[in-house]
Amino acid sequence: MALPSYTETRYRIWHYVYIAICTFVFFFLIAPLFVIFPLSFNAEEFLVFSEGMKNLDPDAFSLRWYKDMIYGTKNPWGLAAKNSFIIAIFATIGSIILGTLAALGLSSRHMPYKGLIMATLISPMIVPLIISGVAIFFFMAKAGLAATHTGIVLAHIILGTPFVVITVTATLSGFDHSVTRAAASLGSNPLNTFMKITLPLILPGVISGGLFAFVTSFDEVVVVLFLAGLENTTIPIQMWTGLREQLSPTILAVATCLIILSTLILLSAELLRRRSERLRGINR
Amino acid sequence: MSSETKQILTTDGIPLEVSLKKAEKKNKIKAFLLVAPLLLFLVITYIFPIGDMFMRSVDDRMVTNMLPKTFKAMENWENLDELPPEEVYRGFYEDYKLLAENQQHGKLGQRLNKEKNGFNTITKKLFRQIKRNKIDESVSIKEQINKIHKRWRNVEYWQAIKRTAPPYTAAKYLKGMDMYFAADGSIAQVNEDRRIHRILWLRTLEIAFFVTLFCFIMGYPIAHLLATLPMKYSNLLMICVLLPFWTSLLVRTASWMILLQQQGIVNDFFVMIGLVTDDNRPEMMYNKVGTYVAMTQILLPFMVLPLYSVMKTISPSLMRAGKSLGGTPFVAFLKVYFPLTIPGIGAGCLLVFILAIGYYITPALVGGASGTLISNQIAFHMKTTLDWSFASAMGLMLLSGVLIIYWIYNKLVGVDNIKLG
């Protein structure tokens, strides 16, 4: 954003103030994430930068907290990671199936009570998590699903579907319905049309909604805290417990892994978004 | 249709109108069937349980079910300022005896004690008399019970029992606002030093409001920068917004716990620039400051993204036109650009406010005692005191607030306009 040469001094000053403010805000957003990396390699037990680290002494750095994360007997991170992945994968599949079907119905122009139904389907995203947690807990307790994987998966499907509904509906808004009619006129049955025509076209929206559902489930702690027993512990629960009791460097090692995971997810989401925009012919 | 105009028929010989309506109906059913699985799933697992929360929050059937004979007899208790007639005493005695046999009498005593202090003592005395078979059922029960303790002769205690008769109560909602039903049935305020819930509601609103304000102040400039920079730079900077957005909430809270601790980097920095002395480091965590800082950073992407998507659609030529018509850059911004961004501001602010008002995890970890919100209180009653009906009542009070905001949001922006990423 170069300034034109005729800019007055006060606007020039204002421009630099503006750039400074923006720099500060970007720093505020991103810097906290980067504190975690170096401290997770700390050789000592304290969560501050030791003198050795400040002098870049190689002895001050170690992988002991990563070893503790993987082999540590006290830390059930292995079980938690396994549970987290199983729950998130099933919740994602469930959210994708239910959410995509609903989005297909919702974007049909024949859909009755569209606004009301959309508001209902999106509600788990708007209702504060603590209230969702209480309500879902009451249901799961009555259904005998509290402290089971099934119960948590169902709960995460509830929380994850709104994202799929939103992203797929958005993708379908630019969808040319004449292609499905063309397929039908060429003798394709509805299922075949969906699999061969509709699905490939809306796939970016489906996958990006799926990513949201996955992250929601993988990161969810409020509802899980109500539902999980000892057997169903997940990474967020372990982190929550750890952060409440004592902030140990092992948590930072886990956090580093989670940041790497979220970076990967961010990159795939961005690639998908661009691909989807290209497919739908949106030029920016 | 007049008889002269010929009805248009399809090839099957059915009138076109009928055939079209049939097709329309078929399409409607088809669309609805696609939505049905999710709708049904949500109604069963989510919408009904929220209704269940409501039932629990107003449910007061415990005493009603425990003292059926008493309440039946109380229907004939006419002058409420005098002690009830013999039949009420007898009904109460019979109900209580049954409860004592089933070991349920303690629950009743505790529940009635909440209604009127001192009940626990006199019900226990009655229990002892019943256990020792001291009560003779062939003579007046009223006189025998009245002899057990002088409080049984006080009509206020019988009035208290009568007040518990209705199966539903709004008492939990009043408790959530630091009020209660007084002895005469009117609504009274609790003592000023015990009004904890009102403080929490106000604090929740205050924190949600200021977090929204901070997010707006910080989010507006960077959304503007992202929308006006050339694509190749803005894509890179966008990562600064999206990476926190995709990163685990607990990871971000953890990083603030490290930064804000007393020996943490923020304090180190303050000492370095001479703002505070080394032995006088301020406490920045476990209070409101921690909640504000962490929540602002965590919710900032939710402000930036809607703002950005609106600003992206504003053509830069509009600002140029404003300037060419003689406006200074400030005037052009204020009169042209800013009004065009108002839909984005509305969307971002409401989204952040809705999220902030129900926040739980971050305040619980960095908030300490003075930085916790109403959600923490709900969780406390769910897990620690196990007063689920009170937790439900407070949850629904919070929910109704959120739904009002959601409704405004829907009117202003429309739910289907929510954009993600």
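1. Two residues are in contact if their C-beta atoms, placed from the backbone, lie within 7 Å. On that basis, 74% of the contacts in chain A with a separation of 6 or more are between residues 24 or more positions apart.

2. The structure is a predicted model, in which local features need pLDDT of at least 70, side-chain atom pairs count only at pLDDT 80 or more, and totals for chains, interfaces and linings use all residues. Residues are numbered from 1 along each chain as its sequence is written, while chains are lettered from A and ligands numbered from 1 in the order in which they are written.

3. Chain A has 12 helices and zero strands, where helices (H or I, at least four residues) and strands (E, at least two) are DSSP runs, numbered from the N terminus. Its pattern along the sequence is accordingly α-α-α-α-α-α-α-α-α-α-α-α.

4. The radius of gyration of chain A is 24 Å, whereas a compact globule of 284 residues would have a value near 19 Å. This radius is taken over C-alpha atoms, and the globule rule is 2.2 Å times the number of residues to the power 0.38. Along the principal axes, the C-alpha atoms of chain A fill a box of roughly 75 × 70 × 35 Å.

5. In chain B, an automatic or database domain assignment gives domain 1 (1–59), domain 2 (61–167) and domain 3 (196–417). The centres of domain 1 of chain B and domain 3 of chain B, taken over C-alpha atoms, are 41 Å apart.

6. Five residues of domain 1 of chain B are in contact with six residues of domain 3 of chain B.
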